[in-house]
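Hello,

Here is the structure I promised to pass on. Please open it first, then read my notes below.

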Amino acid sequence: MNRSVPPSSSRRPLARHRAAGDPVGVAECAFKRAVMETLLGHHDRALALCREAQTLTAAHGESWIRGDALFAEALVRRQLGDRCQADTLAREAVRLLRPLGDRWGIALCVEVLAWSAADDGDPERAACLLGALRSLWESVGGASFVAPFMRESHDRCERDTRAALPARAYERAVRRGAALSLDGTLSYALQEAVPTEPPALPYAHTSLTRREREVADLVAAGLGNQEIAATLVIARRTAETHVSRVLAKLGLSSRAQLAAWVHEHR
């Protein structure tokens, strides 16, 4: 591919929405193309597209795509070396996406904030945000804990954060982040609160039955429902029911949160 000129296929949808007088369509295409231009290193083009999307959405009182466009600009600013501005944009995007419950978009912004925490010499915060990302991606059915186009930077952040902390401190911070509720993750990302350790009640004294504790242990070990069923010699549907009941009893919303809970309460 010629990296100096974006593929014509990426320009056609944007042109069609402009011709149709569809501002929301223009804004959505502009922000998506801005991400592509950023990945290609075309920063001026990306910034122009971000500004176009932000201007259109602001004029029409639209928040969802505007939040996405702010995230796209945060990526550009990071590549240009302006981490402070990137963080400001990512947090503003989180504030816009928060009332909409857009966990996918929020996860992209939290990723940027985790990178900055690692770059700024705060590995404890970076590790906690990486843990929160696990729960966010799991809650939207993600098979991975990172968007593919952010993989390289994510891996570097995780590698640097692991190197900066003792192994047990790193794992503890990741578990603490994974145990946060959505509101807790948002408050921490926006620096409204510091995540606290849950009270460590004796594991055997919880409301879980013996079988439910076995299931919780297997979830914490990283097993899926089919693997849990095979290990306990039960039907997959029964394993799914046990997992759902455990989450409901503990007031948790994801397997990552359950894994963190098990580690904290053992």
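**Helix α9 and the rest of the chain**

In α9, the buried residues are A169, Y170, A173, V174, R176, G177 and A178. Buried means under 20% relative accessible area, exposed over 50%, and partly exposed in between (1.4 Å probe, protein chains only). These buried residues pack against α7 (123-139), α8 (151-164) and α14 (255-265). Helix α9 itself covers residues 167-178, 12 residues in total. It reaches 17 Å from first C-alpha to last, close to the 16 Å expected at 1.5 Å a residue. That expected span is 1.5 Å times one less than the number of residues.

A word on the source. This is a predicted model, where local features need pLDDT of at least 70, side-chain atom pairs count only at pLDDT 80 or more, and totals for chains, interfaces and linings use all residues. Residues are numbered from 1 along each chain as its sequence is written, and side-chain values use heavy atoms, with hydrogens and water left out.

Now the whole chain. It has 14 helices and 0 strands. Both are DSSP runs numbered from the N terminus: helices are H or I, at least four residues, and strands are E, at least two. Of its 266 residues, 46% count as buried.

What about disulfides: how many does a search of the whole structure find? The count is 0. A disulfide is a pair of cysteine sulfur atoms within 2.5 Å. C29 counts as buried because its relative accessibility is 18%. C109 is buried too, at 1%.

Last, L39. This residue lies in helix α2 (residues 23-39). L39 is partly exposed because its relative accessible area is 44%.

Best wishes

Conventions. Contact means heavy atoms within 4.5 Å.
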